[in-house]
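Me: I would like to go through this structure and ask what lies behind the terms used for it.

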Amino acid sequence: MADDQISDEAPLLCNESIQKHDDINKKFNSKNAKKIALCFVFWFIVIHSCIHLFYARDSCKWLLSDGRYKGDMGWQPYGCMMHDYSELDCSRCLKYLAFRGSHNQFNFIGDSRILDIYNALIHTIEPKAQMFKSSKFTPRYSDSNHQFHDSRLKLDINFFGSPYVDPMVKYFKKLKDVNDKPRVIVAGSAIWPIIQSNGSLNGIQDYIANLTQLIKPINDISSKSIVLWVLQDPVEESKLDNSMSMVTNNLIDLYNEAAMDVLSKSSAEMWWSSRLVSQGEMSDSPDGLHSSNASLRLRAQILLNLYCNDHMNFNDGTCCSSTEPYTSLQSYMLIFFIICIFIGILMAVRYRRNRLSKNEPCYVVMISLSKLGLIMIYFYLCDRTNFFMKENKYYSDASFWLPVGYVFVLGLFFTEESRYTKVLHRDQTDEWKGWMQLIILIYNLTGASIKTSIANHVQILISAYLFLTGYGHFYYMWHRSDAGLTRYFQILFRLNMLTVVLCVCMNRPYQFYYYIPLVSFWFTILYLLLICPPRVTAASSEIRPAQYLYIILKILALLIFITILYMSEVFFDKIFLTRPWKALFVTTDDDIHEWWYRWKLTRFSVVNGVILSFIIILAQRYNLIDDNNHSNLVLPRLAVFSSFIAFIGLIASTVYNILCQNKMECYELLSYTSVIPIISYIILRNVSGVLRTRFSSLFAWFGRISLELMVCQCHIWLAADTHGVLVLLPGYPVLNGLIVSFIFICICHELHDITTKLTPYAVPSDHKDLFRNLICFILLLIPLGANDGMF
């Protein structure tokens with residue numbers, strides 16, 4: 001039943017209550033839900049426009065100004081994603097900049113607290129380098145200078161000891177006449193001025209006077225150097241030495257306020273997030289004054305993200321990173337969609353005013369393209385610009401299992417009787433796809449791929465999707481006679497329309513949406529296999545039962561073909577790297593490894609689905625199972641025995657996937673064994689007539705739009721090409737997740753409707769119109785393919 005339809009078959013228990021229930025259903029349907037989602041989108045566009053206008057347009061300011069600790073004590077900057085730089089990442093960044101002619105020079109000036117950050121940066125870039133400990137806190141020690149040099153990286157990291165502001169003024173004035181200015185300068189001071197004034201409030205006036213002298217020297221070098229003023233961290237007063245009893249957090253706050261007020265007139269950036277990072281782990285401070293190693297490492301990472309992100313291609317590092325430049329093809333698509341939107345608005349107004357029929361082909365196509373254009377603009381805003389915010393993924397056992405538990409409990413509340421009784425009927429397969437899709441969405445959102453046991457189970461779910469593809473298409477083509485080109489192109493259009501549009505609008509290769517190439521490839525192989533002579537159907541096999549042998553031979557041929565492709569990677573490359581279809585199987589760097597990896601993991605899934613479908617057809621034909629009513633499939637003893645074996649199969653598979661910790665070895669074995677939990681689930685779900693004929697309408701609803709959910713999650717639910725999470729409402733992660741999910745689901749449902757409406761016009765049933773459209777598509781594809789190197 002469609003979302004905005006009301007069933008007339010429900011028994012009338014109470015006229016008044018039924019009337020109220022109908023009123024609620026009429027108001028709360030998919031159409032009104034989409035209107036609410038549209039209002040949310042416009043509202044957040046206004047909010048983020050204000051954030052960019054009045055707060056900060058530059059994500060570097062977000063990186064330096066605010067953030068929070070997540071549950072695993074990982075640092076999350078405000079509104080952007082921070083990459084975790086390894087030693088190799090640092091080397092690549094600095095070598096690249098050195099190759100471009102940059103001198104990678106960092107200067108630190110301040111007291112022992114600044115020295116700690118200096119040491120942390122060096123340790124991150126070169127873990128074996130000698131550190132300069134700051135355990136002693138004396139004026140003499142703080143006045144010492146240190147230097148780190150690496151000619152290979154053209155790297156110089158210098159520390160100038162200056163516990164007071166006065167020497168800093170001289171240092172910055174000297175930099176004006178230096179040709180090779182440092183790229184980044186990190187400065188900070190307040191502790192020694194507090195000690196020198198013995199905690200007197202009069203010391204703040206001297207501090208302000210000295211800071212005022214820094215404004216002009218900092219502005220003079222702002223075109224060449226990034227100057228960061230480190231706001232002072234709080235102290236753990238109970239751990240401080242008695243000689244430092246005058247240093248209090250209240251005074252530190254006053255000095256920080258003075259620094260922000262004075263230096264706001266300069267080009268220096270206030271590094272407020274440094275204080276927040278230290279504040280979160282102050283309890284681990286060794287002496288109450290200096291920060292813990294963990295917080296120092298995070299500050300080094302912030303510096304590296306500030307310096308390197310705009311030059312590196314890290315998908316999980318959006319802080320300080322420029323947006324991806326748009327292509328000419330994207331510009332043409334934008335113009336096309338703007339024209340469609342404009343025409344669509346005019347047509348909608350005209351048809352509404354004149355009360356014309358909205359079923360005319362011209363109206364349906366233009367309104368559908370208008371809606372598609374608006375949705376694609378939202379996609380682009382979410383994932384190809386910094387207009388909306390993005391955050392890193394965060395995994396914990398609770399963040400994954402709690403949503404999974406909530407979803408399954410909610411799904412049970414929507415359990416109802418199905419009108420089908422067959423094994424793996426439509427409601428049941430939709431339900432299966434639905435709950436699997438929801439688990440995959442939660443898996444991707446929480447970054448649970450770092451947990452090998454969960455990743456193993458999700459790989460089984462992906463295999464189950466392809467299993468159902470093989471099962472469903474074989475079962476359909478066996479019982480139906482419409483296996484012509486029209487049906488083939490209709491299925492391909494439904495699978496690929498959204499993906500192709502996204503490839504163009506988001507400037508991503510076809511392989512980026514890996515599930516669609518897999519399903520399209522296997523559907524094509526299966527279609528060719530089944531229509532090649534001799535064509536065997538349910539009707540022909542009733543007349544000549546020997547035709548079952550042809551199906552067996554075709555399945556064996558398919559297995560041999562798969563084995564040859566797997567055994568010979570050279571043969572695999574020759575087939576899939578052949579033009580013109582090479583562009584469908586390679587990534588942006590012309591690499592086929594991603595396709596090879598995805599294909600080999602699920603290479604037997606579709607065949608297993610075909611085999612099971614064939615077995616069930618034979619069992620139904622010869623009455624080995626009884627699925628024509630609500631009774632059990634087989635005799636009671638056999639039902640109990642098969643259920644027990646299936647339960648053992650599920651338990652054994654679960655135990656193995658939990659214990660197996662080498663992901664590559666697990667995946668390789670799962671390509672053979674994933675069929676065990678799949679068949680076990682099917683047996684447990686179908687042997688009992690009670691379980692077979694009941695289903696969750698909620699999961700089935702999601703299952704019907706699972707294709708759109710799988711594709712669209714990459715851009716409007718996740719972010720940064722699935723490496724992060726989209727943030728519309730910063731500061732409220734749970735509420736943000738709910739709102740983003742609501743908009744995401746509404747858009748997926750609308751895209752499903754758009755695809756359904758466009759399919760009969762793009763792939764008409766008349767063969768002349770079909771070939772006309774096919775020729776038009778090829779003519780359109782030729783210039784696009786030539787530009788992409790397809791020919």
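Me: How many of the residues of the protein count as buried, as a percentage?
Reply: In this predicted model, 52% of the 791 residues count as buried. The cut-off for that label is under 20% relative accessible area.

Me: What makes α5 largely enclosed by the rest of the structure?
Reply: Of its 14 residues, 13 are buried, so helix α5 is largely enclosed by the rest of the structure.

Me: What span is expected for helix α5, residues 112-125, and what does the helix reach?
Reply: At 1.5 Å a residue, 20 Å is expected for its 14 residues. From first C-alpha to last, α5 reaches 20 Å, which is close to that value.

Me: Which atoms come within 3.0 Å of each other at the start of α5?
Reply: They are a side-chain oxygen of Asp111 and the backbone nitrogen of Arg113. A polar contact needs a pair of N or O atoms within 3.5 Å, and this pair lies within 3.0 Å.

Me: Why is α17 called roughly parallel to α31?
Reply: The axes of α17 (residues 426-446) and α31 (residues 706-716) cross at roughly 10° and come within 10 Å. Angles under 35 degrees count as roughly parallel, so α17 is roughly parallel to α31.

Me: Which residues make that contact?
Reply: Helix α17 supplies Lys433, Gln437, Ile440, Leu441 and Asn444, while α31 supplies Ser706, Leu709, Met710 and Gln713. By class, the contact of α17 with α31 has 4 nonpolar, 4 polar and 1 charged residues.

Definitions and conventions: Residues are numbered from 1 along each chain as its sequence is written. This is a predicted model: local features need pLDDT of at least 70, side-chain atom pairs count only at pLDDT 80 or more; totals for chains, interfaces and linings use all residues. Side-chain values use heavy atoms; hydrogens and water are left out. Axes are lines fitted to C-alpha atoms, for helices over the stretch in contact, and angles run from 0 to 180 degrees between N-to-C directions. Helices (H or I, at least four residues) and strands (E, at least two) are DSSP runs, numbered from the N terminus. Angles under 35 degrees count as roughly parallel, over 145 as roughly antiparallel, 65 to 115 as roughly perpendicular and the rest as oblique. Contact means heavy atoms within 4.5 Å. Ala, Val, Leu, Ile, Met, Phe, Trp, Tyr, Cys and Pro count as nonpolar, Asp, Glu, Lys and Arg as charged, and the others, Gly among them, as polar. The expected span of a helix is 1.5 Å times one less than its number of residues. Buried means under 20% relative accessible area, exposed over 50%, partly exposed in between (1.4 Å probe, protein chains only). A polar contact is a pair of N or O atoms within 3.5 Å; within protein, one must be able to donate a hydrogen and the other to accept it, and residues adjacent in sequence count only if both atoms are side-chain atoms.
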